[in-house]
Amino acid sequence: MKLTTPLIAAGLSTIAGAAFAQTPVLTVYTYDSFASDWGPGPQVELAFEEICECDLQFTATGDGAALLSRLRLEGSRSDADIVLGLDTNLIAAADEAELMQPHGMDATGLTLPIEWDDANFMPFDWGYFAFVHRQTLEDVPNSFEELAASDVSIVIQDPRSSTPGLGLLMWVQHAYGDDRAAEIWEGLADNVVTVTPGWSEAYGLFLDGEADMVLSYTTSPAYHLIAEEDDSYTAAPFTEGHYMQVEVGGILATADNPELAQQFMEFMVSPAFQEVIPTTNWMYPAALPEDALPDGFNTLIQPEQSLIFSSTGAAEVREDALATWQNALSQ
Amino acid sequence: MAKRAQPITGLQATGGVFALLVVLTILGPLVAVIWRAEGLTDLRPADWAAIRFTLLQAALSALVSCLAAIPVARALARRRFAGRSAFIALLGAPFILPVIVAVMGLLAIFGRSGWINSALEGIGAGTIEIYGLFGVVLAHVFLNLPLATRLLLQGWLAIPSERIRLARSLNFQQRDMRRHFEWPLLAATLPGALLVIFLICTTSFAVALILGGGPAATTVELAIYQAFRFDFDLGRAAYLGLVQVMICVGAGLLAWRFARASQFGAGLDRPAMRWPDDTQGARRFDLAVLTAAGTFLLLPLLAVAAEGVGAVFGLPLSTWEAALRSVTLALASTALAVGLALPMALLTAGHAARAGLEGVGLLSIAVSPLVVGTGLFIIVFPIADPVALSLPITGLVNALVALPFLLRALIPAAAAAEATQGRLADALGMRGAARLRHAILPRLRRPLGFGAGLAAAFSMGDLGVIALFSAPGQETLPLEMYRLFGSYRTDDAQGAAVVLMSLSLGLFWLFDQGARVNAAA
């Protein structure tokens, strides 16, 4: 009697352990604000665990660029099954490092303003870069040329340490090409109050009144409107068009459980995931019709033209664009 | 002149072993990065520009911080007033603030829509522009003036009161005091203070960028960041990491060449007394200096508090959990830092390998936390999951960061304790633990408390390594604050900044105050 009780207990705990071990774990690497309590992470986790009979775990690693570095650092020994939150400017580097495997999905259900055709990555959200300002700002510039000619002050991010900073670089490069980009940057030099390491610092400076405008997204005013019920912010529409940031997810070549990873990729473009995006990540969902967007998103500016480099195009122009930027602003 | 024979104790031998371990923990990761990169990659012209700017701003920042600290430390050493110790603790606050909180505070005062510019606008005067080299130096002085003051103040407080009484009875004038006491103590303490602040400023990156105004204000640390994050060029990151080490070694050699040990002879170790020739003018001067320093250092803190205090009670639970995690981490990291520093300081006090040991300590300020973090990642990864170890690794790196400050505070005090009490202890045959407890530790109490306070506060404010390794549920308070900012929750982030500031300051005050028992009899 005395002997059997612990034996039974041990047996039970083995069974429990085995059952526990059978719950597969899906590890998703993402950026900080996605996984935070206020980001999409918690709701996405709940919704996916309901259908997958698995344990979804997020690992947050700074921003999108840091995410890529982390994966390259870990190489083939990475625990990650899914990477969520690279953007089109980083895809080429991920491909070059042979980190990914094809997702095998078709892109017909997407609601992006551009065609999508990438074997390894699927978009989950997107947005337009834009200069955000207070409604009270007078003589709002409507192009980079007007901005350069004005004395409106701006805060931007450093393209060497932040993804929006890199986006701005690509924006000017796409709109003006090699020849005129330098000219535009030289014109902008006296509008730039300062350059920050990341988005948070820049947005904070803007809110504190250090500058008239800040490089952010056309969707930023939606946060103020919906979460703070403050309609005093808006974004300036630029006639040359707005550069897009498309955020993507993909399956790592080293994924332990490719089937579960595949299931997540399909979940990523399903309504359960997509509906969470607008009011947690404050971006446009990549696969949700416009009428499914929350109230408030209809007040945002709609750029007439979407600018974006292909992932290889972005990789090709980056180095030169960076040198141009550095020269113009170091004067 | 032959040196008196020094008994090498077990504790001192431990100091040697620890020093070796520290060097390995700092240089090992650098080697790991180079190894993983399969060689170094050459520097670009932009990197050279970054090196030049780094040296320039760090030199200017160190010089201005130390020069400004001289009258402040002097005034604090000569004056006794109600609330003096609280004043000293508060003055220390900027140094232990996380950079982003300090910048928020400075901008509230000196920024475009800050208090000063609003006032200037009100009277129709021009505006001041904080962005540029001026802003970088201003911010670095704001952050480092407190440290410079404290380092120099240790020098003044080390003058035995018997000496001051003797000077009074000899009717010394102010210029005699300068010649016999103040110049020698400055010659002994200034090079070290300059060096430490220079090195701290070389690794600056967020301050230099935000207040520098743009790419012209690129530092080596930002170049490392770029090489690592965007280019994943580990070879270049490692090369730049080596450049930082070389800057450190060069500056260290320079400072060591000029540093002289202060020799005041033995005293009975009473607290400092009223100085001779204390004129009305000297009193007014000190008052003005203390008022100016207090205003400069405290107004930005008040501004941060004023903006965030309203949000403190509405902060989400996760912020408080992060705060608890940070406090625990800070205490562990402080224990580790003190455990490492004490034997090393005692070894130095035994006249063994002084320059070498100080160099070891300084090395950890100069190397890039990003390179060390990445290197540790590379080393740990094949053995264990670095994410599971994120808090221990963060604690270790935080302890290393605090080590040089502890050593700087402890080494002169340990040397002085040996010099003043050593002979007596020898004569009494005190060795080992008894010597430590009765002769040495009582004289280390003040610098030990100061150093431990710094270590704790640094660890509270650190955002370097945890960001590289972080896993959900392991956020520290600074990381939590950044995430609040990143999720548009500016009000909550400002509230978190107030909590962070209060906890950093509180921990520093507790340690520093705990060590001052009986200090002002």
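Predicted model: local features only at pLDDT ≥ 70, side-chain atom pairs only at ≥ 80, totals over all residues.
## Starting with the space inside

Residues are numbered from 1 along each chain as written, chains are lettered from A and ligands numbered from 1 in the order written, and side-chain values use heavy atoms, without hydrogens or water.

## The second largest cavity

Two or more lining residues each come from α8 (199-207) of chain A and from α5 (99-110), α20 (477-486) and α21 (490-514) of chain B. Helices here are DSSP runs (H or I, at least four residues), numbered from the N terminus. The lining has 8 nonpolar, 4 polar and 2 charged residues; Ala, Val, Leu, Ile, Met, Phe, Trp, Tyr, Cys and Pro count as nonpolar, Asp, Glu, Lys and Arg as charged, and the others, Gly among them, as polar.

## Where the chains meet

Counting contact as heavy atoms within 4.5 Å, chain B brings 54 residues and chain A 56. Together they bury about 4700 Å², 58% of it on carbon and sulfur atoms; this is the accessible area (1.4 Å probe) lost on being put together, summed over both parts. B:Pro215, B:Phe230 and B:Tyr488 supply 20% of what chain B buries against chain A, more than any other three residues.

There are 14 residue pairs in polar contact between the chains, both at pLDDT 80 or more. Such a contact is a pair of N or O atoms within 3.5 Å; within protein, one must be able to donate a hydrogen and the other to accept it, and residues adjacent in sequence count only if both atoms are side-chain atoms. On the side of chain B that touches chain A, α20(B) gives the largest share, 7 residues, and the classes are 32 nonpolar, 13 polar and 9 charged.

## Salt bridges

A salt bridge puts a side-chain nitrogen of Lys or Arg within 4 Å of a carboxyl oxygen of Asp or Glu. Over all chains there are 13, and 2 are found across the interface of chain B and chain A. B:Asp231 pairs with A:Arg318 at 2.7 Å, N to O.

In chain A, A:Arg70 and A:Glu74 also form a salt bridge, at 2.8 Å. These residues are separated by about one helical turn because they stand 4 residues apart in helix α4 (residues 64-74) of chain A.

Terms used: Buried area = accessible area lost by both parts, 1.4 Å probe.
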